[in-house]
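Reader: Hello! I am new to protein structures and would like to learn how to read one. Could we go through an example together?

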Amino acid sequence: MKRFAAAAAAAVGTGVLAACATPPTGTSEPATSTDTPVAAPTASGGAAPDTPTPSVGAEPTAPAWPTVSAETDELGDPLTADQAINSYNNFYEFTFSKEGVAQLAKDFQTHPWSIEVGGLVTNPRTLDLADLLAYSMQERIYRMRCVEAWSMVIPWIGFPLAKLLAEVEPTEEAQYVRFETLYDPEQMPNQRGGTFPFPYVEGLRLDEAMHDLTILAMGLYGKPLTPQTGAPIRLVVPWKYGFKSIKSIVKIDLVKEMPETTWSSVTPSEYGFYANVNPNVPHPRWSQATERRIGESGRRKTLLFNGYEDEVASLYEGMDLKVWF
Amino acid sequence: MVLGKRGSAGPMARWLHVAVHVGVPLSLLVLIAQVVLGRLSFDPIRDVELRTGRTALNLLVLSLACTPLALVTGWRAIRDLRRPLGLYAALYAGLHFLAFAAWDYGLQFDLIWLDLRGNRFLQVGLPALVILVALAVTSPRPAIRRMGRLWKWLHRLAYAAGLLAALHFYWAVKVDRRVPLLYGAIVVLLLLLRLPPVVETVRELRERVSA
């Protein structure tokens, strides 16, 4: 936890720090990664600075999030270029081509938007964009490791999923969280194709969902998410393969049984429910031992739990990770 | 002998040769220019790996198609394209390997070894490459003469390379595997068209049609 905490402390520093490399602060800072707000997003349109957050239907303007506060992740690896993050996307709702997503998604409507949170909860809620933007935002610099063996370092802006879950109060029975992406074939052309089952569904065990590293992201590089990166709101679970970090979420349900997720139902032999980054468990058709960092040549070794082992390994104590892949 | 045959094959066959010897180097120049000018995606390594691999497979399939095409059409001169197409396929397969080993892995052979164990498409891609290089090395005419019947057997492995390459492609694709399946089906079809009973039947059919 220490390494990450230090990085988080570094990451949420002032915008001025962006100009230099890793901040000089040592280990003295006892900061935790939570509750270090990135400045509340301001609202749109109106002249008054204290206008309430955007109302449903109105387009929320770019919230005033500071630009990125560090140039590297906590391991010292540089951030992936903004343009690369926004041009190289897996978002099958639009197309199977990574370079094609940005163009096809450019007119995607992300407002009004709402997320329905329900299932086994005491206080089911429907949150619109204003409700979501009202959460205190934090910057989190995370590695993103795709199951295809490439990776990026991304400065997200978001809030812990745990905060939202605590508000809806999961009942005793709730064991898992099920997430669903928007289903809108008019806007998402590849949903008309029939070659892949939509809507896209992902899931987490409740303790994974409650973990502090798990966030709902609404921005990156200080700006709101673009459609190709999962606007307006997406999950980010940095110790799991990228496909777990479901985009453009419209529904979150607390459930009792392990939910059937899209990839694990398409090819159960190749994709499991957990999908933790693990160099020792190969995909049936390719190795996961190394990865190519976008923007670099020459590979690097993949780290167990994508380098977040200290933070999350305890979640899987006693589990055979070769069985629960 | 081979040259003489080509010489007497008419302008059409000569144009095909020109097309191959201009088209393939040109495709390589375009790729190099795209790399140098930064016109590929944000993962240029993958782009180059995909392009060189796909081109190698295309050229190999075209090379394998020469003899069956000559059989079906009766246009024998087309067989002379087999060798240049095969050599270019080997060249592209070599570039494909170079992009993988030198650019993608930065010649870190420990990492290549690490991935080789879990990587099924590498396990079938490497033997395909070895075959193509062996065929390229033994393609000069003196080698043909010296090796005699062994040469013929060795060069039948081109079909094995085609099947391995299609499998390599099939295993590497994440979702939509219709295209690699199509390549595999074409190689199988071309192989069928080389089996002696099939060759006999096709030849008889063609003679009956043209009679």
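This is a predicted model: local features need pLDDT of at least 70, side-chain atom pairs count only at pLDDT 80 or more; totals for chains, interfaces and linings use all residues.

Reader: Let's begin with chain A. How many helices and strands are there in chain A?

Author: Chain A holds 8 helices and 12 strands. Of its 325 residues, 48% are buried.

Reader: And what share of the contacts in chain A joins residues 24 or more positions apart?

Author: Among contacts with a separation of 6 or more, 68% in chain A are between residues 24 or more positions apart.

Reader: Next, the nonpolar core. Which residues have the most contacts inside the largest one?

Author: They are Ile154(A), Trp156(A), Ala217(A) and Leu220(A), in a core of 68 residues. Strand β4 of chain A, residues 150-160, is the element that gives the most to this core, with 7 residues. There is also a second, separate core of 39 residues, which includes Ala93(B), Ala161(B), Ala166(B) and Tyr183(B).

Reader: What does Ala217(A) touch, leaving out residues up to four places away in sequence?

Author: With those left out, Ala217(A) touches Trp156(A), Ile157(A), Gly158(A), Leu225(A), Arg234(A) and Val236(A).

Reader: How far apart in space are Thr80(A) and Pro66(A)?

Author: From C-alpha to C-alpha they are 18 Å apart, and in sequence they are 14 residues apart.

Reader: I'd like to look at the backbone too. Which residues does a cis peptide bond join?

Author: One such bond joins Phe198(A) and Pro199(A), with omega about 5°. Pro199(A) lies in the loop between β5 (176-181) and β6 (201-205) of chain A. The peptide bond from Ala231(A) to Pro232(A) is cis as well, and its omega is near -5°. Pro232(A) sits in the loop between β8 (223-224) and β9 (234-236) of chain A.

Reader: And phi? What is its value at Ala275(A)?

Author: Ala275(A) has a positive phi of about 50°, although it is not a glycine. This residue is found in the loop between α7 (262-266) and β11 (290-293) of chain A. Ala275(A) has 21 other C-beta atoms within 10 Å, so Ala275(A) is buried. In chain B, Leu107(B) has a positive phi too, near 55°. Leu107(B) lies in the loop between α4 and α5 of chain B. Leu107(B) has 11 C-beta neighbours inside 10 Å and therefore counts as exposed.

Reader: How do I describe two packed helices?

Author: We give the angle between their axes and the distance between the axes. In chain B, take α2 (residues 11-36) and α3 (residues 44-73): their axes come within 11 Å and cross at roughly 175°. That angle is why α2(B) is roughly antiparallel to α3(B). Ser27(B), Leu31(B) and Val35(B) of α2(B) meet Pro44(B), Val48(B), Arg51(B) and Thr55(B) of α3(B). By class, this contact has 4 nonpolar, 2 polar and 1 charged residues.

Reader: At what angle do α6(B) and α8(B) cross?

Author: They cross at roughly 155°, and their axes come within 8 Å. That makes α6(B) roughly antiparallel to α8(B). The crossing of α6(B) past α8(B) is left-handed. Residues in this contact include Phe121(B) and Leu132(B) of α6(B), and Leu164(B) and Trp171(B) of α8(B). The classes here are 18 nonpolar, 3 polar and 1 charged.

Reader: Last, how many residues does each chain bring to the contact between chain A and chain B?

Author: Chain B brings 21 residues and chain A brings 21 residues. On the side of chain B, the elements giving two or more residues are α4 (82-104), α5 (109-118) and α6 (120-137). Of these, α5(B) gives the most, with 5 residues. The residues on that side of chain B divide into 9 nonpolar, 5 polar and 7 charged.

Definitions and conventions: Residues are numbered from 1 along each chain as its sequence is written. Chains are lettered from A and ligands numbered from 1 in the order in which they are written. Two residues are in contact if their C-beta atoms, placed from the backbone, lie within 7 Å. Helices (H or I, at least four residues) and strands (E, at least two) are DSSP runs, numbered from the N terminus. Ala, Val, Leu, Ile, Met, Phe, Trp, Tyr, Cys and Pro count as nonpolar, Asp, Glu, Lys and Arg as charged, and the others, Gly among them, as polar. Axes are lines fitted to C-alpha atoms, for helices over the stretch in contact, and angles run from 0 to 180 degrees between N-to-C directions. Angles under 35 degrees count as roughly parallel, over 145 as roughly antiparallel, 65 to 115 as roughly perpendicular and the rest as oblique. A crossing is left-handed if the near helix is turned anticlockwise from the far one by less than a right angle, and right-handed if clockwise. A nonpolar core is a set of buried Ala, Val, Leu, Ile, Met, Phe, Trp, Tyr and Cys residues joined through C-beta atoms within 7 Å. A residue is buried if 20 or more other C-beta atoms lie within 10 Å of its own, exposed if 12 or fewer, and partly exposed in between; C-beta atoms are placed from the backbone.
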